[in-house]
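Let's walk through a protein model together, going from the whole chain down to single residues. Keep the viewer open as you read, and turn to each place as it comes up.

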Amino acid sequence: MEGTGQGRAVIPGIVGSGRIGSTVARLAVAAGYQVIMSNSRGPQTLIGLVGELGPLAQAASGEQAAAGGDLVVLTIPLRAYQSVPAAPLAGQLVIDTCNYYPQRDGQIAELDSGPATSSELIQQHLAGAQVVKAFNNIYYRHVLVLARPADASDRSFLPIAGDDADAKARVRGFLDAIGYGAVDAGPLAQSWRQEPGTPVYGAPYGPFSDPAGTPASEATVRTALAKASR
């Protein structure tokens, strides 16, 4: 996928008012993508955000956003993943930005007692979709400020994990269009390597207290992924 500048590609955000979701939407609109925003509170609560994003953005219900375009950005608290309707997402590419924070989400037995990853749980729930994990390891403010053109020497890279090669290729193309390179972090079973507490989570892009962030090269991200351990 590539931004056309004419709004031909559509990115439905399942929870568009979230920090990551709205930030990705800003970059997408700047790249010429149409964006369908939604959240759990209804389209009327997104009027201000959609107005700020401009004519390429629209507000809709979660089901309309899920069914309305080429890919879906899923950015919700992990505890709510089972509330996401699976049927409208059948056949869709889903970018999973979610992280497991027990202090927020409560204890999830499958993640506490076994080798499963949060993205595998989401893939099991959305059995008809192709899930790719991305954007979960970077502070939302840094997502916005670190975006760079493809030929920039200080372009940052993000890890992506997924079980479907074509789905990962499409996510790589989307990331490229909005200002990021991608590092293949393996299948969803390996997505724990980019989860909270790992070397690639947050740190390569600078401290959260630094509003400017630090560009993270492909080599930096690969090295951080390689250092991850359980």
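This is a predicted model: local features need pLDDT of at least 70, side-chain atom pairs count only at pLDDT 80 or more; totals for chains, interfaces and linings use all residues.

The protein chain holds nine helices and eight strands. Its radius of gyration is 16 Å, close to the 17 Å that the globule rule gives for 230 residues, so the chain is as compact as a globular protein of that length. If you like to think in boxes, the C-alpha atoms fill one of roughly 45 × 40 × 35 Å along the principal axes.

Of the 230 residues in the protein chain, 53% are buried. Now take the contacts between residues at least 6 apart in sequence: 69% of them join residues at least 24 apart.

Now to the strands. In a regular strand, side chains alternate between the two faces of the sheet. With that in mind, is strand 1 (residues 10-13) covered on one face or on both? Both faces are covered: Val-10 and Pro-12 are buried on one side, and Ile-11 and Gly-13 are buried on the other. Strand 1 runs parallel to strand 2 (residues 34-37), and four bridges join the two. You can find Pro-12 opposite Ile-36 of strand 2.

Which strands does strand 7 pair with here? Strand 6 pairs with strand 7 in the antiparallel sense over two bridges, and Lys-133 has Ala-161 of strand 7 as its bridge partner. Strand 8 (residues 181-184) runs parallel to strand 7 and is joined to it by four bridges. Across that pairing, Ile-160 stands opposite Asp-184.

The loops deserve a look too. Phe-135 sits in the loop between strand 6 (130-133) and helix 7 (140-145). Its phi is near 70°, a positive value in a residue other than glycine. Why does Phe-135 count as buried? The reason is its relative accessibility of 1%, since the cut-off for buried is under 20%.

Thr-117 lies in another loop, between helix 5 (109-113) and helix 6 (118-125). This residue is buried as well, with a relative accessible area of 1%. Which residues does Thr-117 touch, leaving aside its neighbours within four places in sequence? Its contacts are Leu-111, Leu-188, Ala-189, Ser-191, Trp-192, Glu-195 and Arg-230.

Finally, go to Asp-164, in the loop between strand 7 and helix 8 (165-178). At 34% relative accessibility, Asp-164 counts as partly exposed. To get a sense of distance across the model, select Gln-44 as well: the C-alpha atoms of Asp-164 and Gln-44 are separated by 35 Å, and the two residues are 120 apart along the chain.

Notes: Residues are numbered from 1 along each chain as its sequence is written. Side-chain values use heavy atoms; hydrogens and water are left out. Buried means under 20% relative accessible area, exposed over 50%, partly exposed in between (1.4 Å probe, protein chains only). Two strands pair if DSSP finds at least two bridges between them. The radius of gyration is taken over C-alpha atoms; the globule rule is 2.2 Å times the number of residues to the power 0.38. Contact means heavy atoms within 4.5 Å.
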